Amino acid sequence: MPRSRRVGGTTVASIANNLKRPEPKALATTLEALTARFGNRLVTSQAVREQHGHTTTWLANQPPDGVVFAQETADIQDVVRICAANRVPVIAFGTGTSLEGQVNAPAGGICIDMRDMNQILEVHSEDLDCVIQPGVTRKALNENLRDQGLFFPIDPGADASLGGMASTRASGTNAVRYGTMRDNVLALKVVRADGEIIKTGTRAKKSSAGYDLTHLFVGAEGTLGIISELTIKLRGIPETMAAASCSFATVAGACQATILAIQTGIPVARIELLNEAQVRACNSYSKLTLPETPLLLLEFHGSEAEVAEQSRNFHEIALECGGGDFSWTTKPEDRTRLWQARHDAYWSVKSMRPGSDVAATDVCVPISKLAECVAATEEDLARLGLLAPIVGHVGDGNFHCSMVCDRNDANEVARAEDFMHRLAQRAQAMGGTCTGEHGIGQGKQKYMQAELGSEALDAMRALKKALDPDNIFNPGKILPPA
């Protein structure tokens, strides 16, 4: 059994023990009612249940008691009503790519798998928006939109579901230009704790009508309700897209070039930092020949003339900051190869020590603190004798460490956990956050008090109590024990 990560002086496992599991009779009644309603779309086999617990991180897999494969909003409503009547937890599941235990079931309960709710319901090309079910994945949506000259820009790397991306407030490589999920969701339909539907907004591009419920549910990680429909913004596919790479002698130089590019208004679509260790991993795994020094990968969008100008302007900045080898290309196959290597960063790190585990963690700091934070992080890794290549969406101050660790080596595990704890505290001390895009889930609950304070946590608990009085929606996530 994998070790449980520590959370605020206790372990994730002990937090799970503090959650009240359903009474056996209540659970049996729930499963009986769900079987009657869904037939073989309710699955209780051990293998399928474990597939719907979280295994992407170091957190122990905590499977639900059953999995319902929903096909329409009415299915979600019926699951919630049946579970609410018996006070049985409900956990929403997209593709399972979240990184902080968001889909674990520490108190048991029923998982609602959204994979079959994958319909694109409406596309309004003239208004640049569409209405979709939550199980639609990022790649499937963009494949459908391509012939209309449109795309959805949020790209977290994994082919995640849009419902899951909204629930974790995902962002990714394009966030520096196009924003995060928070900026690209216009409206939601959400199933509340009594099984009824909340409509949070309209297709209008802005509104002053009442509380901003849309953004209350975006990032709530399924703890306040279950998203059954999304209305999201679209963009026109740029006339020209160019990918570029630029090597630097130091991480500080790469970060300074990033800061100057943002400050001078170059509309960079993507700007990603890879430290020396990450470049080495990508070269080996993706068969590239990039210089094994700190590297920025960039992408520019616009007309042919605009892209050329953006590339020239960035090159001038890079030279001022100690940048060396700089190249850019508009060939689709070259762009794809470069960005695929970036998206394969996790797997490239995993291949560095076959048989070892990899845990990805992220922080975000004000961009002026980025170089200092990355440099201090690299020093910490060297001091602790750890391997954790760094890659980051540095245009908005967000970076990731992929920690490689032998889980059977207690000393190495202790050093790795110490490093991740220090990283989160370092970011917070610099005016940043313990997570830029991975979310809180179970793994980062212990940092909420220091980051937001008890008053904010009390307000969150009051919202949770008001919208989910029996704590059936994804219990044990985000909010630390009071």
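Partly exposed means a relative accessible area between the buried limit of under 20% and the exposed limit of over 50%. The model shown in these close-ups is predicted.

**View 1. Leu-128 in the loop between β7 and β8**. The loop connects β7 (120–124) with β8 (129–132). Phi of Leu-128 is near 55°, a positive value, although the residue is not glycine. Most residues other than glycine have a negative phi. The relative accessible area of Leu-128 is 32%, so the residue counts as partly exposed.

**View 2. Lys-287 in the loop between α11 and β16**. Lys-287 is not a glycine, yet its phi is positive, at about 55°. Lys-287 counts as exposed because its relative accessibility is 61%, and the exposed class starts over 50%.

**View 3. An open sheet of 7 strands**. The strand order is β17-β14-β16-β15-β19-β20-β18, and the pairing is antiparallel. Edge strands β17 (323–329) and β18 (357–364) each pair on one side only. Neighbouring strands in the sheet are turned by 20° against each other on average, direction ignored.

View 4. Ala-360 stands opposite Ser-402 of β20.

**View 5. Helix α16 across β18 and β20**. The helix spans residues 410–429. Helix α16 runs at about 170° to β20.

Definitions and conventions:
Residues are numbered from 1 along each chain as its sequence is written. This is a predicted model: local features need pLDDT of at least 70, side-chain atom pairs count only at pLDDT 80 or more; totals for chains, interfaces and linings use all residues. Side-chain values use heavy atoms; hydrogens and water are left out. Helices (H or I, at least four residues) and strands (E, at least two) are DSSP runs, numbered from the N terminus. Buried means under 20% relative accessible area, exposed over 50%, partly exposed in between (1.4 Å probe, protein chains only). Two strands pair if DSSP finds at least two bridges between them. Axes are lines fitted to C-alpha atoms, for helices over the stretch in contact, and angles run from 0 to 180 degrees between N-to-C directions. Contact means heavy atoms within 4.5 Å.
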